[in-house]
Amino acid sequence: MVTFKIIVCVLLGYIIGSINFSVLLSQIGSQGDVRKYGSGNAGATNMARVYGLGAGFLTLFCDMLKTAVALLLGHRLLGDWGLAGAGMACILGHCFPLFHHFQGGKGISVGAIIGLAINWRVLASILAIFLLVAFLSKKVSLGSITAAASLTISALLLSVNTPKLILAFFTSCIAIFQHRGNVRRLIDGTEPDFKIKKSRIDS
């Protein structure tokens with residue numbers, strides 16, 4: 001029975017995570033797949049860059065909501081181990097979505113809700129680090145990378161239980177891996193500052 005519940009948690013988490021709202025919202029009204037513009041990423045930051053802040057925040061909200069649903073279902077089925085299984089599967093689905101040719105986001109919005117599920121103080125710390133680094137550097141990618149790394153560090157400092165620590169470490173690794181291109185550009189000094197362009201929807 002436990003094995004069956006683990007499988008259910010993972011499957012539900014992956015399927016829910018695979019619902020990519022940046023792709024869905026950008027295609028409403030034949031506006032065009034957001035992955036064809038900006039950074040080419042299917043996430044809230046690129047939605048804001050290409051379609052404006054409203055679209056970016058809506059995408060962020062929807063991605064966070066789907067993650068919360070996956071985590072709640074996992075926890076309901078198998079406690080913290082179910083939470084961890086569903087959370088890991090959800091971020092995999094978000095980054096490599098079944099429904100969108102495995103081309104998804106970078107996991108930061110999903111990681112934020114995972115941080116909240118681990119401990120509200122984890123979320124507070126990674127959010128503070130993200131805002132500080134992104135503001136000072138004017139690079140969302142650098143803020144995202146440092147926030148992803150701080151997820152595991154915060155979880156360790158707070159001595160969370162084993163399943164939550166595993167979830168934190170897995171989430172950090174996936175989010176940083178998804179930013180590997182940004183890391184190369186940051187090292188080369190070619191990573192652009194974040195700028196919101198005029199929405200393509202209005203053009």
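Trainee: Which residues does Ser109 touch, not counting residues up to four places away in sequence?

Mentor: Ser109 touches Leu60, Asp63, Met64 and His94, with that exclusion. Touching, or contact, means heavy atoms within 4.5 Å. This is a predicted model, where local features need pLDDT of at least 70, side-chain atom pairs count only at pLDDT 80 or more, and totals for chains, interfaces and linings use all residues. Residues are numbered from 1 along each chain as its sequence is written, and side-chain values use heavy atoms, leaving out hydrogens and water.

Trainee: Why is Ser109 called buried?

Mentor: Its relative accessible area is 8%. Buried means under 20%, exposed over 50%, and partly exposed in between (1.4 Å probe, protein chains only). Ser109 is therefore buried.

Trainee: What makes Asp63 count as buried?

Mentor: Asp63 has 2% relative accessibility, so the buried label applies. Asp63 sits in helix α4, while Ser109 sits in helix α5. Helices are DSSP runs (H or I, at least four residues), and strands are E runs of at least two, numbered from the N terminus. The C-alpha atoms of Asp63 and Ser109 are separated by 6.3 Å, though the residues are 46 apart along the chain. Asp63 also touches Phe21 and His94, again leaving out residues up to four places away in sequence.

Trainee: Why are α3 and α4 called roughly antiparallel?

Mentor: The axes of α3 (residues 44–51) and α4 (residues 53–95) cross at roughly 160° and come within 6 Å. Axes are lines fitted to C-alpha atoms, for helices over the stretch in contact, with angles from 0 to 180 degrees between N-to-C directions. Under 35 degrees is roughly parallel, over 145 roughly antiparallel, 65 to 115 roughly perpendicular, the rest oblique. So α3 and α4 are roughly antiparallel.

Trainee: Which residues make the contact of α3 and α4?

Mentor: Ala44, Met47, Ala48 and Tyr51 come from α3, and Leu53, Ala55, Gly56, Thr59 and Leu60 from α4. By class, seven are nonpolar, two polar and none charged. Ala, Val, Leu, Ile, Met, Phe, Trp, Tyr, Cys and Pro count as nonpolar, Asp, Glu, Lys and Arg as charged, and the others, Gly among them, as polar.

Trainee: Which residues touch the most other members of the largest nonpolar core?

Mentor: Ile114, Ile118, Leu151 and Leu167, in a core of 22 residues. A nonpolar core is a set of buried Ala, Val, Leu, Ile, Met, Phe, Trp, Tyr and Cys residues joined through side-chain atoms within 4.5 Å. Helix α4 gives the most, with eight residues.
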